[in-house]
Amino acid sequence: GGGVAGTPAKKPPKGVTLARGEAAYEVGAVGANARKQTKVTAITIYNTDPGYRAGRLIAVSSRYICYGVRGGSVRIIHQTTGQRLLQKGHTTSELADICISGDGDTCTLAAVSSNGDLFVWGISIENMTEVKATELFRKDGGAQGYARILWHPTLPLLATGSSGDNAKVSIWKGFAEGAVPSCQEMPAEHSGAITGLAWVAGAGSGNGMGIASAAADGKVVLCDGDGVMQASFSPFGGDAVQSVMVAQPKGQQTPLLITGSAGNTCIKMWDATGTTCLHSVTFTAPGTSSKVGPEIFRATVDLDPLSDFVLVANTVTAGSGDSFAVYSIHLNTEGDSPHFDCMCEFGVVYPVLSCVVCRDNSAEAESDVRQREMHLYCMQTKAIQQYHLRPDQCCDVAPEASSAPLVTMSEPVSTPFSEAMRAPEPVHVAILEPAHIIHKPVAVQAVRAAPLPAKAPTPPPPQDD
């Protein structure tokens with residue numbers, strides 16, 4: 001049908017239009033052959049054991065790609081030179097969560113092991129030939145081990161969330177070699193392990209350092225930077241919450257909260273205090289209206305730095321490639337109420353186990369900031385890869401012509417907060433080859449060509465040892 005009489009009909013968005021209120025999306029209904037295809041850059045091949053990882057196992061800055069490998073070590077790759085380091089900080093336990101802070105050749109990397117220990121390293125490259133890691137801090141988790149970590153996108157602050165029946169949320173600062181960082185415990189009251197953290201813009205009397213925490217006890221708690229609890233709510237009727245994200249889309253004066261249920265099978269959008277649910281999207285089982293089971297769909301999620309999209313990757317590795325997919329959900333803040341308006345499904349050759357999304361901020365990036373590529377860095381069962389997702393592949397996004405950087409350091413209150421905030425500068429992704437072969441960096445450029453045909457991509461480079 002057309003639009004309102006006397007007005008031109010608005011072009012429908014790309015992808016599947018989502019019903020307002022409570023939308024449902026049937027997993028597998030599109031079919032592998034009908035899924036969209038997109039450009040992919042192979043970073044390295046690495047076989048990772050299948051299985052659901054609730055925490056993030058890959059972290060990316062403008063200079064480094066870091067990911068967990070077997071035995072609890074962390075592989076660190078300098079993107080420009082291809083130099084790499086195998087950091088064996090907690091080899092007695094597998095990696096549970098990882099995040100990185102900083103935009104240049106000197107960064108700070110934080111990691112949590114599955115036994116709850118916390119590690120912080122300073123990462124640098126010496127003479128552009130050797131990547132080094134200097135331990136800045138480590139703390140045994142003990143009975144109330146650490147479960148989740150998240151750097152502030154513009155300030156040197158690390159949020160941590162613990163496990164156990166009396167889980168705590170804390171904010172750390174002052175990481176330096178030979179120094180003891182300070183720790184502020186927040187009043188978030190959780191009776192189950194912390195499963196997600198998100199920074200909240202402008203929360204508090206002026207420091208703008210609020211934090212939202214999700215937990216297995218079914219609650220999301222918001223605390224401001226002054227250490228005062230502002231709100232507590234149960235997004236899924238008391239059932240466990242897997243993730244929480246804080247979005248501040250274009251034109252939205254107050255933040256929006258986005259929560260994911262166990263396995264992220266249901267994604268909900270809330271107002272800034274969790275009082276009103278604005279929209280929900282539930283992934284349903286094939287051929288039914290029932291919520292999908294974990295044998296078919298369990299997802300990892302991340303928020304686009306511009307808050308235009310939520311990226312959802314199905315991590316289920318059993319069965320055929322029919323379930324290997326990444327979904328983009330568009331946030332629409334135009335009209336009477338913010339909502340999700342459309343979803344697109346992209347095919348991937350290998351299942352995604354963990355991912356993080358950035359925006360292209362290179363010199364070759366689109367001048368229209370909202371059309372800059374999303375770079376989805378993925379740990380998959382057989383490779384570490386980067387997917388290039390153009391916003392115009394996912395939805396019709398209103399233009400905003402500007403050459404301004406995506407992150408303005410002097411605007412902490414209005415900055416959308418996400419661990420993946422920092423979009424890469426012009427970099428090279430080095431394809432890692434055996435030691436006797438010279439590294440051959442492959443430039444990553446903005447992709448303006450048509451989507452690739454639906455076929456398997458060129459196999460990734462030889463395996464990372």
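Colleague: How far apart are N and O where the side chains of aspartate 308 and arginine 370 meet in a salt bridge?
Modeller: Start with the rule: a salt bridge needs a side-chain nitrogen of Lys or Arg within 4 Å of a carboxyl oxygen of Asp or Glu. Side chains of opposite charge can pair when their charged atoms come close. For aspartate 308 and arginine 370, the N to O distance is 3.0 Å.

Colleague: How many residues apart are aspartate 308 and arginine 370?
Modeller: Strands (E, at least two residues) and helices (H or I, at least four) are DSSP runs, numbered from the N terminus. Aspartate 308 sits in the loop between β24 (299-303) and β25 (309-314). Arginine 370 sits in the loop between β28 (352-359) and β29 (374-380). The pair links distant parts of the chain, and the separation is 62 residues.

Colleague: What kind of model is this?
Modeller: Residues are numbered from 1 along each chain as its sequence is written, and side-chain values use heavy atoms, without hydrogens and water. Local features need pLDDT of at least 70 and side-chain atom pairs pLDDT 80 or more, while totals for chains, interfaces and linings use all residues; the model is predicted.

Colleague: Are aspartate 308 and arginine 370 buried or exposed?
Modeller: Buried means under 20% relative accessible area, exposed over 50%, and partly exposed in between (1.4 Å probe, protein chains only). Aspartate 308 and arginine 370 are both buried.

Colleague: How many disulfides does the structure hold?
Modeller: A disulfide is a covalent bond between the sulfur atoms of two cysteines. The test is two cysteine sulfur atoms within 2.5 Å. In this structure the count is zero.

Colleague: Which cysteine has the sulfur closest to that of cysteine 394?
Modeller: Cysteine 394 is buried, at 1% relative accessible area. Its closest cysteine sulfur is 5.5 Å away, too far for a bond. That sulfur belongs to cysteine 344.

Colleague: How many aromatic pairs are there?
Modeller: Rings of Phe, Tyr and Trp (its six-membered ring) pair if their centres lie within 6.5 Å. Planes under 30 degrees apart are stacked, over 60 edge-to-face, and the rest tilted. The number of aromatic pairs is twelve.

Colleague: What is the angle between the planes of tyrosine 46 and tyrosine 67?
Modeller: The two rings lie 6.4 Å apart, centre to centre, and the pair is tilted at 50 degrees. Tyrosine 46 lies in the loop between β3 (39-45) and β4 (58-60) and tyrosine 67 in strand β5 (residues 64-68), so the pair ties together parts 21 residues apart in sequence. Both are buried, tyrosine 46 at 4% and tyrosine 67 at 0%. The angle asked for is 50 degrees.

Colleague: How many strands does the protein chain have?
Modeller: The chain has 465 residues, and 57% of them count as buried. Its secondary structure includes one helix. The number of strands is 32.
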